[in-house]
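Please examine the sequence and the model shown here before reading on.

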Amino acid sequence: MFQDHDALQAAGQLLLGFAFLATGVRNAGWKFVQHAERMAALGVPQAKGVLIAGFALQFTGAALLLLDCQRAMGAWLLVAFTVLASVIFHRWWRIPDPLVRHLQISSLLVNFGLVGALLLVLAI
């Protein structure tokens, strides 16, 4: 594990994996109903099933990064998860309140940064 990494690469990959794992545990644990209801309100068909599939992508990708096993597959799963979650949850153009719209744009930009970090993991 991590033989082809320098210390900073290994630390970055571990931090990314942990961030996705920790948010997944939080969201699947005590935010599941809230997310499913929000997705249904946004018009996502079969919201509960889509949410479960999203968590499968998130947990699998995070585990693969943390274990440095099939690193590229883990990074691609997390890229897919992040892009899909962004499309579902961060529809800033539909929000009339300027502060809430700003927060959604900020969250979307953070997700762009996460995708960038995952692409760097692919370059290792």
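## Helix α1

The 24 residues of helix α1 should span 34 Å at 1.5 Å a residue, and the 34 Å between its end C-alpha atoms agrees with this. The expected span is 1.5 Å times one less than the number of residues in the helix. Helices here are DSSP runs of H or I with at least four residues, strands are E runs of at least two, and both are numbered from the N terminus.

Buried positions in α1 are Ala10, Gln13, Leu16, Gly17, Phe20, Gly24 and Asn27; buried means under 20% relative accessible area, exposed over 50%, and partly exposed in between, with a 1.4 Å probe and protein chains only. These α1 residues pack against α2, α3, α4 and α5. An α-helix has 3.6 residues a turn, so residues three or four places apart point the same way.

## Basis of the model

This is a predicted model, in which local features need pLDDT of at least 70 and side-chain atom pairs count only at pLDDT 80 or more, whereas totals for chains, interfaces and linings use all residues. Residues are numbered from 1 along each chain as its sequence is written, and side-chain values use heavy atoms, leaving out hydrogens and water.

## Overall fold

The protein contains five helices and zero strands, in the order α-α-α-α-α from the N terminus. Its radius of gyration is 15 Å, close to the 14 Å that the globule rule gives for 124 residues, so the protein is as compact as a globular protein of that length. The radius is taken over C-alpha atoms, and the rule is 2.2 Å times the number of residues to the power 0.38.

Of the 124 residues, 36% are buried. Among contacts (heavy atoms within 4.5 Å) with a separation of 6 or more, 63% join residues 24 or more positions apart.

## Helix α5

Helix α5 covers residues 98-122; its 25 residues reach 36 Å from first to last C-alpha, close to the expected 36 Å. Gln104, Leu108, Asn111, Val115, Leu118 and Val121 are the buried residues of α5. Their cover includes α1 (7-30), α2 (32-41), α3 (47-67) and α4 (71-89).

## Leu77 in helix α4

Leu77 belongs to helix α4 and is buried, with a relative accessible area of 17%. Leaving aside residues up to four places away in sequence, Leu77 touches Leu57, Thr60, Gly61 and Leu64. The C-alpha atoms of Leu77 and Gln9 are separated by 19 Å, and the two residues are 68 apart along the chain.
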